[in-house]
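Work through these exercises with the model open beside you. Try each task before you read its solution.

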Amino acid sequence: MESTLSECPECGASIDPLPDDGFTRYARLVVAYLDHFAEEHPDHELLDAPEGHL
């Protein structure tokens, strides 16, 4: 799953995990993925129900 979160399917941007803060790399990558969508694709349906996409 991590490989699919490392690139935005909408725009192809590379998404890197947030800096190490005690959470797992995967958790930091999920947050970075959601942050990317919130900033770059604010109207995307993923933001309405992320559990259905991740």
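**Exercise 1. Count the helices and strands, then judge the overall build.**

Solution. The protein has 2 helices and 0 strands; helices (H or I, at least four residues) and strands (E, at least two) are DSSP runs, numbered from the N terminus. Next, take the radius of gyration, computed over C-alpha atoms. The value is 11 Å, close to the 10 Å that the globule rule gives for 54 residues, so the protein is as compact as a globular protein of that length. That rule is 2.2 Å times the number of residues to the power 0.38. Along the principal axes, the C-alpha atoms fill a box of roughly 30 × 20 × 20 Å.

This is a predicted model: local features need pLDDT of at least 70, side-chain atom pairs count only at pLDDT 80 or more, and totals for chains, interfaces and linings use all residues. Residues are numbered from 1 along each chain as its sequence is written, and side-chain values use heavy atoms, without hydrogens and water.

**Exercise 2. Which residues of α2 are buried?**

Solution. Buried means under 20% relative accessible area, exposed over 50%, and partly exposed in between (1.4 Å probe, protein chains only). In α2 the buried residues are Arg-28, Leu-29, Val-30, Ala-32, Tyr-33, His-36 and Phe-37. An α-helix has 3.6 residues a turn, so residues three or four places apart point the same way. Across the protein, 24% of the 54 residues count as buried.

**Exercise 3. Trace the surroundings of His-41.**

Solution. Start with position: His-41 lies in the segment after α2. Its relative accessibility is 16%, so His-41 counts as buried. Now list contacts (heavy atoms within 4.5 Å). Beyond its neighbours within four places in sequence, His-41 touches Cys-8, Glu-10, Cys-11, His-36 and Leu-47. The His-41 and His-36 side chains make one at 3.3 Å.

**Exercise 4. Is Glu-10 buried or partly exposed?**

Solution. Glu-10 sits in the loop between α1 (2-5) and α2. With a relative accessible area of 48%, Glu-10 is partly exposed. Its side chain forms a polar contact of 3.3 Å with that of His-44.

Conventions. Polar contact = N/O pair within 3.5 Å; in protein donor to acceptor, adjacent residues only side chain to side chain.
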